[in-house]
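Here's a quick tour for anyone meeting this structure for the very first time. Have a look at it, then read on.

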Amino acid sequence: MAKDKRDNLIAVIGRRVPARWLLVALLIALTVLVSVELTRDSLEYLHAYRQAQTVRQTEAIIGHVVRAAQHLAFERGRTNVVLQGQDPVSAEDLAFLAQRRQAGDGEVEAALALLDDSRASLAGKITRERRALLALRRSVDAQLVLPRPQRETGFADHWFQAVSAMLAGVPQTIALLGGEEALPPFSRVIFLAFELRDAMGMESSQIAAALAVGRVPDAAARDHLNRLHGRVDAAWSNLRREAILVDNQAISDALSKIDVLAFGNFRPLQDAVLHVFSNGQLPSEPVTFFTQASVPVLDSVAEMMSVAAQEDALLSDERLRQTRMATLLYCGALILTGVVGLVVAAATAGIVGSATSLRRYLADLAAGRLDRPAPVLMVGRELVELCQAADTLRHYMIERQRMQDAVERLSRQNRLILDHAIDGLVALDSQGRILLANRAFQRLSGWSLADVEGRGHHELLHHSHLNGSPNRREDCPVYLTLADGRSRFCQGEVIWRKDGTYFLAEMRVNAWSEGGQHGVVVSLRDLNQVPEDNSGPASRTGTGVTT
């Protein structure tokens, strides 16, 4: 039932709605559907591309923040050792501190340059911490130019604690950068490597400071060093686990290097120093030996952060490239769809216009307007062929009209000749029925063409002799000629008029055939109207004989 209703609806629409509107509606529907789908995909990839850009920017900012913190950790440790030491500040120490400060400030400036208005609060936090650090540095520089006895008591601890507090805020900064989303794998490696670097830096700096002072740490200081020792172990365990999950060869190589330098070479030295401290003694090695041994270890951790940042940049660039390519492809597909839609619309308009022109042309042919030529421009092979067929039909109709006009003209001429003939002429079919008769026949017989058309010639005109006896059909010249096709000439044949009178006629019967049909043509001449010098018996008009 539903199918019948649907078919009826389609039939009604097909009959009442023009084809052009159906095609236009279909074209618009298809174009809209494709465009909507492509637009949706394009927007999704554009959103993904923007997200990838945001992630890439976030990762770059995290890299700058972590590297700035790394340089600050180096600065914290060396400054603490220098402030705690008894010897004057060396040119090497000053050059090291200047290098770390310059590198750290450059990373902070790069991070601030990437922070937009949406991260204004984070930019404000970094700016405030930077100002506080600059103030601390000015105080440090003022203390470094003084001899050790004149330096402010406890300033070194104040410096170390203040900078450590700043470094402790780095995770919060990274968390603000990441927002609610989890950090990318390489960013987590950088973050965990920084935690390891910070813990190892604090531990080595505290040991170096004790060596610089030349005093064995008390029990509280040793407990603090043991806690730092455990923090280093925990940070190392977390970093190894994350590095394994990342499954990157460059990260694995950097991890192996840390394992060798930190836990194969430097860790035994730390353990030995702590063991000597636990016995209430100082190691025989100078502080410079310990600090020089710690630098390659801390640099190896920094190298892992640099490697992770590089791999992260490569991954982000590849992700950006893929999303950019996908976005461009979908945008190109959307543009191509529009172009194709316009081309199809133009083609459809051409087809519809061609079909409309052809319909009008066929309507002209049906109405007999043959003077209008076929449309010149047709779109579509089928319509071109149909137009050619219609044009062929037009030429056929023109030729047929010409022939029909010629036939009608000839017919009029023949009718004119027949109507002006002296003799009465009547054409009969194969059954002896009257097909046509000229005016002379109608004048002689008194019968009109409407009266005699389709009626038997013998029964109407030639049925009886003068004495009233029947004139047999077998003896009638008309039927004899219909039977054998031979022409006959008779004189004195009695022809009966409509009013019952008769006249004696000279009769000529000739056979005709056309297209498988045949009959006879009968010529009648009233003998009473024959001129005097005409041969043949004279007849007179008489009244019909009745029985």
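Let's start with L336, which sits in helix α10 (residues 287-366); helices here are DSSP runs of H or I with at least four residues, and strands are E runs of at least two, numbered from the N terminus. Keep in mind that this is a predicted model, where local features need pLDDT of at least 70, side-chain atom pairs count only at pLDDT 80 or more, and totals for chains, interfaces and linings use all residues. Residues are numbered from 1 along each chain as its sequence is written, and side-chain values use heavy atoms, with hydrogens and water left out.

**The surface around L336**
- L336 counts as exposed because its relative accessibility is 53%; exposed means over 50% relative accessible area, buried under 20%, and partly exposed in between, with a 1.4 Å probe and protein chains only.
- Together with I335, V339, V340, V343 and V344, L336 makes a nonpolar surface patch of about 520 Å².
- Patch residues have over 30% relative accessible area and no salt bridge, and nonpolar side chains are joined within 5 Å.
- A salt bridge here is a side-chain nitrogen of Lys or Arg within 4 Å of a carboxyl oxygen of Asp or Glu.

**R100 in its helix**
- R100 is part of helix α3 (residues 91-114), and it counts as buried because its relative accessibility is 12%.
- Leaving out residues up to four places away in sequence, R100 touches H71, F74, E75 and D299; a contact means heavy atoms within 4.5 Å.

- P477, V478, Y479, T481 and L482 are buried in helix α15 (residues 477-484).

**The chain as a whole**
- The chain has 15 helices and five strands.
- Of its 547 residues, 40% are buried.
- Among contacts in the chain with a separation of 6 or more, 66% are between residues 24 or more positions apart.
- The chain's accessible surface is about 30,400 Å², and 57% of that belongs to carbon and sulfur atoms; areas come from the Shrake-Rupley method with a 1.4 Å probe.

Methods:
Patches are made of residues with over 30% relative accessible area and no salt bridge: like charges are joined within 9 Å, nonpolar side chains (Val, Leu, Ile, Met, Phe, Trp, Tyr) within 5 Å.
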